[in-house]
Amino acid sequence: METVLSINQISKQYGKIQAVNELSLEVTKGQIFGILGPNGSGKTTTLSIILDLIKADQGSYEWFGETPDKESRKRIGSVIESPNFYPYLNPTVNLQLVADIKDFGYDDIDRVLQLTGLDERKKSKFRTFSFGMKQRLAIASALLGKPEVLILDEPTNGLDPQGIAHIRELILEVAHQGTTIIMASHLLDEVQKICNHVAVLHKGKKLFDGKVSEVLAISDSFELGSADPESLASAVKLHPAYQSHKSNADTIQVFFKEKVKPGELNAFLFERGVILSHLSERKRTLEQHFLELLQNNQ
Ligand code: ATP
């Protein structure tokens, strides 16, 4: 897999605040890479560093296997601030001004307006746009010149459900066309719906990264009790969906990689000589799962 971005041990401090702490990440071509973390976890600082808007105190990063330069910057589009365009100009003219600044021709403007669904409103002034349309215009502007990578910071912040759905579909379409996406979000649900890879940040540190399907997989757990806890723990480990377990005072909590039915689990253990005195299912929402991950890393 071709590496698009590699971040090596970057750190950034603001006074006493460690905004980014020895962070390393690798993004490969075609990924929709989510940087997920609560407010203040260092997402925007990280994006600002890799876009060369601020300098890291330590560490380095490479774009496309090389130290970034003016040419590699042209291969990257980004939206990291609120959309800001000339209010009395229509989107076409606003994009022409962006193209002038970026030293691109105008021939890509119709394509990005169509892609972002703004072609029907290309004669309307920017000030008449809804916030969702403004955000789509910001994405259109970042897509001018067909960048290989699109970087987005909290792309659905402040949008209503319809606006969120529009942006989500747009990101997926852009990714489908072959653009690598790197997006920061504090919304677990958003990352789960859009991204295929995620890095979870907390207090500037990476807790872990991996495929969304693996990292954020909902794992149900069961609380099990038996007169012989040791045999119970040994037997449950043999279950094909077993992931891990925690021992409590008189029960064990068992996590599974996939859905397991209580009756089936009971029968499985019974067949291995374990008689349960207690069985209760514990369902965790994704939100709880994420919070647990953060708490375990305080
Ligand atoms: P949010 O979603 O709230 O923007 P974030 O995950 O993007 O959060 P950052 O904006 O990168 O986090 O901020 C990380 C930490 O660094 C926070 O504690 C923030 O207050 C602090 N910080 C960021 N920029 C500055 C700055 N220019 N001066 C001082 N502190 C800053």
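Student: Does isoleucine 109 count as buried or exposed?

Tutor: This is a predicted model, in which local features need pLDDT of at least 70, side-chain atom pairs count only at pLDDT 80 or more, and totals for chains, interfaces and linings use all residues. Residues are numbered from 1 along each chain as its sequence is written, and side-chain values use heavy atoms, with hydrogens and water left out. Isoleucine 109 is placed in helix 4; helices (H or I, at least four residues) and strands (E, at least two) are DSSP runs numbered from the N terminus. Buried means under 20% relative accessible area, exposed over 50%, and partly exposed in between (1.4 Å probe, protein chains only); at 2% relative accessibility, isoleucine 109 therefore counts as buried.

Student: With which residues is isoleucine 109 in contact, its neighbours within four places in sequence left aside?

Tutor: A contact requires heavy atoms within 4.5 Å. On this criterion, the partners of isoleucine 109 beyond four places in sequence are Thr92, Leu95, Gln96 and Leu144.

Student: What distance in space separates isoleucine 109 from alanine 241?

Tutor: For scale, the C-alpha trace of the protein spans about 75 × 45 × 35 Å along its principal axes. Isoleucine 109 and alanine 241 are 132 residues apart in sequence, and their C-alpha to C-alpha separation is 51 Å.

Student: Among contacts between residues at least 6 apart in sequence, what percentage join residues at least 24 apart?

Tutor: The protein has 298 residues, of which 47% count as buried. Its secondary structure comes to 11 helices and 13 strands. Of the contacts between residues at least 6 apart in sequence, the share joining residues at least 24 apart is 68%.

Student: How many of the six residues of strand 8 are buried?

Tutor: In a regular strand the side chains alternate between the two faces of the sheet. In strand 8, His197, Ala199 and Leu201 on one side are buried, as are Val198, Val200 and His202 on the other. Strand 8 is thus largely enclosed by the rest of the structure, because the number of its residues that are buried is six of six.

Student: Which residue of strand 9 is the bridge partner of leucine 201?

Tutor: Two strands pair if DSSP finds at least two bridges between them. Strand 3 (residues 32-36) pairs with strand 8 in the parallel sense over four bridges, and leucine 36 stands opposite valine 200. Strand 9, by contrast, pairs with strand 8 in the antiparallel sense over six bridges. There, the partner of leucine 201 is lysine 206.

Student: Which residue in the turn of the hairpin formed by strand 8 and strand 9 has a positive phi?

Tutor: Most residues other than glycine have a negative phi. The hairpin has two residues between its strands, and phi is about 50 degrees at one residue of the turn. At 54% relative accessibility that residue counts as exposed, and it is lysine 203.

Student: In which loop does aspartate 103 lie?

Tutor: Aspartate 103 has a positive phi of about 65 degrees although it is not a glycine. It counts as exposed, at 61% relative accessibility. Its loop is the one between helix 3 and helix 4 (109-115).

Student: What is the average twist from one strand to the next in the open sheet of four strands?

Tutor: The order of this open sheet is 11-12-10-13, with antiparallel pairing. Strand 11 (242-247) and strand 13 (276-282) stand at the edges with a single partner strand each, so one side of each has no neighbour in the sheet. From one strand to the next, the twist averages 20 degrees.

Student: Which residue of strand 12 is the bridge partner of histidine 245?

Tutor: Strand 11 and strand 12 (residues 252-256) run antiparallel and are joined by five bridges. In strand 12, histidine 245 has as its partner valine 254.

Student: Which helix gives the most residues to the lining of the largest pocket?

Tutor: A pocket is an open set of points on a 1 Å grid over the protein atoms alone where a 1.4 Å probe fits, with protein on both sides within 12 Å along at least five of seven lines; lining residues have an atom within 4 Å of a point. The largest pocket is lined by 29 residues, with Ser78, Val98, Lys102, Ser141 and Ala142 nearest its centre. Helix 2 (70-73), strand 5 (76-79), helix 3 (91-102) and helix 5 (131-143) each supply at least two lining residues. The greatest contribution, five residues, is made by helix 3.

Terms used:
Axes fitted to C-alpha atoms, helices over the stretch in contact; angles between N-to-C directions.
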